[in-house]
Amino acid sequence: MDLCQIHVDRCKGCELCVEFCPKHALEMSEGRNAAGYHPAVLAHPDLCNGCALCAEMCPETGIEIYRRQKRARQDATDQG
Ligand code: SF4
Ligand code: SF4
């Protein structure tokens with residue numbers, strides 16, 4: 001699972017998250033979401049460090065950050 005999850009249908013294409021991401025992990029999609037905006041996407045998940053700056057900047061609360069601890073627990077659950 002990625003550290004950063006963008007809820008594409010909440011995005012209004014303001015580009016703030018792309019501008020502020022220190023790792024340049026985000027890009028604007030050329031496609032459109034249900035509301036007709038070009039949404040941000042996590043184009044380079046390998047670069048994302050989970051810093052949460054994008055989630056803090058998003059005026060639409062369209063980004064969630066999954067901490068590594070939570071991911072580890074999820075992995076343990078998946079393994080069952
Ligand atoms: S969590 Fe940080 S590194 Fe990851 S996409 Fe958001 S701003 Fe970029
Ligand atoms: S900050 Fe939020 S609304 Fe703006 S482009 Fe990023 S995800 Fe979309």
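What percentage of the 80 residues in the protein is buried? In this predicted model, buried residues account for 18% of the 80 residues. The protein contains three helices and four strands, and these elements are arranged along the sequence in the order β-α-β-β-α-β-α.

The largest nonpolar core comprises twelve residues, namely Cys4, Ile6, Cys11, Cys17, Cys21, Ala25, Leu26, Ala40, Leu42, Cys54, Cys58 and Ile63. At least two residues of this core are supplied by each of strand E1, which spans 4–6, and strand E3, which spans 40–42. One of the core members, Ala25, touches Leu42, Ala43, His44, Pro45, Leu47 and Cys48 when residues up to four places away in sequence are left out of account; of these partners, Leu42 also belongs to the core.

Ligand 1 is surrounded by 13 residues, of which Cys21, Lys23, Cys48, Cys51 and Cys54 are the closest, and the shell divides by class into ten nonpolar, two polar and one charged residues. Around ligand 2 there are 15 residues, with Cys11, Cys14, Cys17, Ala40 and Cys58 coming nearest, and this shell consists of ten nonpolar, two polar and three charged residues.

Conventions. Residues numbered from 1 in each chain as written. Chains lettered and ligands numbered in written order. Predicted model: local features only at pLDDT ≥ 70, side-chain atom pairs only at ≥ 80, totals over all residues. Near = placed C-beta within 6 Å. Nonpolar A, V, L, I, M, F, W, Y, C, P; charged D, E, K, R; others polar. Buried ≥ 20, exposed ≤ 12 C-beta atoms within 10 Å, placed from the backbone. Core = buried A, V, L, I, M, F, W, Y, C linked by C-beta atoms within 7 Å. Contact = placed C-beta atoms within 7 Å.
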